[in-house]
Amino acid sequence: MARGHQKLQSQQKNAKKQAEMKKAKSHDQKTAAKAALVFTCAVCRSQMPDPKTFKQHFESKHPKSPLPPELEGVEA
């Protein structure tokens with residue numbers, strides 16, 4: 001009977017530990033940074049966080065390509 005009770009306690013302790021690990025893992029900086037990369041360059045497929053950075057990238061890396069329509073009103 002004692003083994004059954006110990007098994008139940010062990011399962012509860014493990015479930016609590018797994019939940020804490022999952023909670024701690026959800027606040028990963030890498031995941032948050034990846035979610036912040038909203039704009040994707042159509043030419044080289046690199047990702048940028050905001051339109052200003054995207055326009056600067058586009059003007060410096062792809063000067064011969066036409067500016068995408070979403071960047072025309074943005075000031076760099």
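User: Where is K22 placed, and how do you know that K22 is exposed?

Analyst: K22 sits in helix α1, residues 2-25; helices (H or I, at least four residues) and strands (E, at least two) are DSSP runs, numbered from the N terminus. Exposed means over 50% relative accessible area, buried under 20%, and partly exposed in between (1.4 Å probe, protein chains only). The relative accessible area of K22 is 66%, so K22 is exposed. The model is a predicted one, in which local features need pLDDT of at least 70, side-chain atom pairs count only at pLDDT 80 or more, and totals for chains, interfaces and linings use all residues. Residues are numbered from 1 along each chain as its sequence is written, and side-chain values use heavy atoms, with hydrogens and water left out.

User: Why is H62 called buried?

Analyst: The relative accessible area of H62 is 11%, and H62 is therefore buried. H62 belongs to the segment after α3 (51-61).

User: Which residues does H62 contact, leaving aside its neighbours within four places in sequence?

Analyst: With those neighbours set aside, H62 is in contact with C41, V43, C44 and H57. Contact means heavy atoms within 4.5 Å.

User: What does the UniProt annotation cover?

Analyst: According to the unreviewed UniProt entry, "domain: C2H2-type" covers residues 39-61. UniProt positions are given in the numbering used here, feature names are shortened, and annotations may be inferred rather than shown by experiment. Over residues 39-61 the chain is 48% helix and 17% strand, with the end C-alpha atoms 15 Å apart.

User: How are the elements of the protein chain arranged, and how many helices and strands are there?

Analyst: The protein chain has 3 helices and 2 strands, in the order α-α-β-β-α from the N terminus on.

User: What makes the protein chain more spread out than a compact globule?

Analyst: The radius of gyration is taken over C-alpha atoms, and the globule rule is 2.2 Å times the number of residues to the power 0.38. For 76 residues the rule gives 11 Å, whereas the radius of gyration of the protein chain is 24 Å, well over that value, so the chain is more spread out than a compact globule. Along its principal axes the C-alpha trace spans about 80 × 20 × 15 Å. Buried residues make up 13% of the 76 residues. Of the contacts with a separation of 6 or more, 2% are between residues 24 or more positions apart.

User: How far apart are K22 and S65?

Analyst: K22 and S65 are 43 residues apart in sequence and 45 Å apart in space, C-alpha to C-alpha.
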